[in-house]
Amino acid sequence: MPAKKKPKATPAQALLDAHVAFYLARIRSEEGLAALLVQWLDLFLEEAATLTLDDAISRDTIKATARTYAIELDPGPGIPELIGEIAQRLHAHPVHDHTELGELLPQARFEDLLAYALAQRSVRARLVRGFVASPLYEQIVSELLYNGIRDYLARSTAASHIPGARSALRLGRAVVGLAGGALERAAEDSIKQYIARSVGSVSERTAQSLIAGAHDPALFDAAAASWRGIRKTRVGELRQDLSALELEELFVTLYEWWKQLRQTPFIAAMIDAGIDGFFDKYGPTPLAELLADIGVDRARMLAEAQRFAPEVLSRLDAQGRLQDLLRRGLAPFYESGEVEAVLATLKT
């Protein structure tokens with residue numbers, strides 16, 4: 001039995017096949033694809049030379065998109081697991097074993113940051129006053145002073161040069177011992193109370209000198225010397241202080257904090273303010289000029305297109321997906337009847 005003849009293609013089908021074949025041939029050719037990329041990029045830049053940001057899109061549209069991804073999008077359950085896997089890889093990476101802290105933050109850059117921090121007087125005043133006014137500070141200083149005085153009296157040899165002083169001290173200790181622990185505790189409490197009362201006035205004077213910057217040169221030299229002393233430390237040595245599990249827990253904690261923080265009005269206000277600032281500056285600017293201003297010129301765009309397009313398209317072609325994608329993208333027009341309508345008008 002003779003094989004059935006394949007139905008003759010309609011003009012629209014023939015044009016679709018030719019269109020798909022045309023682009024496949026260009027994409028499969030190294031020179032053809034390069035020319036295609038240049039053509040598309042130059043077409044875009046030609047329009048971008050006169051099309052401004054305000055003409056292309058509104059700030060409200062960008063705000064809505066930013067809010068969607070930064071605030072409203074609910075991250076999937078795979079994110080914490082992914083964070084954990086990334087943390088494990090980062091912690092175990094061998095680059096830590098031959099990277100010094102000073103390579104990440106050179107001494108000169110550290111000192112620049114230190115000088116900037118010391119110059120922030122108002123922030124320093126808030127921090128110093130807040131810390132000095134805290135009960136914890138008073139407790140720590142009181143304990144340090146009390147223990148220092150007690151150890152000094154216990155070890156001091158000054159009394160040995162005063163006639164009768166050593167005997168008086170032995171007698172005092174004997175009397176305290178006969179009176180029991182209550183007298184010793186009472187004396188201890190009295191000393192601590194006196195120290196606590198003194199700490200307030202001493203701390204205020206210390207705070208004022210810190211705020212005024214009287215100790216800035218000494219603080220700068222001490223901090224700079226400290227960094228100079230540890231800058232040769234390899235990052236890998238810090239694994240002793242931060243295990244992979246602890247790093248993972250830190251990442252997860254920061255992620256959970258961000259999920260909570262992004263729901264606050266503060267983040268929404270910052271997003272809106274940032275976008276408004278960008279549009280206020282670049283709204284009337286042509287897109288090509290805007291891109292160049294942020295360091296994205298034609299050469300950079302073409303280099304990136306040539307980096308990714310050949311590999312991605314060749315992989316799709318090898319898997320048999322490229323031709324199907326082209327056909328599905330072009331077919332709706334050729335199957336719409338528009339081609340036949342156009343051809344019919346040409347016949348008349």
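Me: Why is D324 called partly exposed?
Reply: In this predicted model, D324 has a relative accessible area of 36%. Partly exposed lies between under 20% for buried and over 50% for exposed. So D324 counts as partly exposed.

Me: What makes R328 exposed?
Reply: R328 has a relative accessible area of 55%. The cut-off for exposed is over 50%. Therefore R328 is exposed.

Me: Why is the pair R328 and D324 called a salt bridge?
Reply: An N and an O of these side chains are 3.0 Å apart. The limit is within 4 Å, from a side-chain nitrogen of Lys or Arg to a carboxyl oxygen of Asp or Glu. So the pair qualifies.

Me: What separates R328 and D324 along helix α17?
Reply: About one helical turn, because they are four residues apart in helix α17 (residues 322-334).

Me: How do you know that D42 and R298 form a salt bridge?
Reply: Their closest N and O atoms are 2.7 Å apart. The limit is within 4 Å, so this is a salt bridge. The pair links distant parts of the chain, with D42 in helix α2 (residues 30-48) and R298 in helix α16, 256 residues apart.

Me: Is D317 buried or partly exposed?
Reply: D317 has 22% relative accessibility. Buried requires under 20%, so D317 counts as partly exposed. D317 also meets R28 in a salt bridge, at 2.8 Å from N to O.

Me: How many salt bridges does a search of the whole structure find?
Reply: The search finds 18.

Note on methods. Residues are numbered from 1 along each chain as its sequence is written. This is a predicted model: local features need pLDDT of at least 70, side-chain atom pairs count only at pLDDT 80 or more; totals for chains, interfaces and linings use all residues. Side-chain values use heavy atoms; hydrogens and water are left out. Buried means under 20% relative accessible area, exposed over 50%, partly exposed in between (1.4 Å probe, protein chains only). Helices (H or I, at least four residues) and strands (E, at least two) are DSSP runs, numbered from the N terminus.
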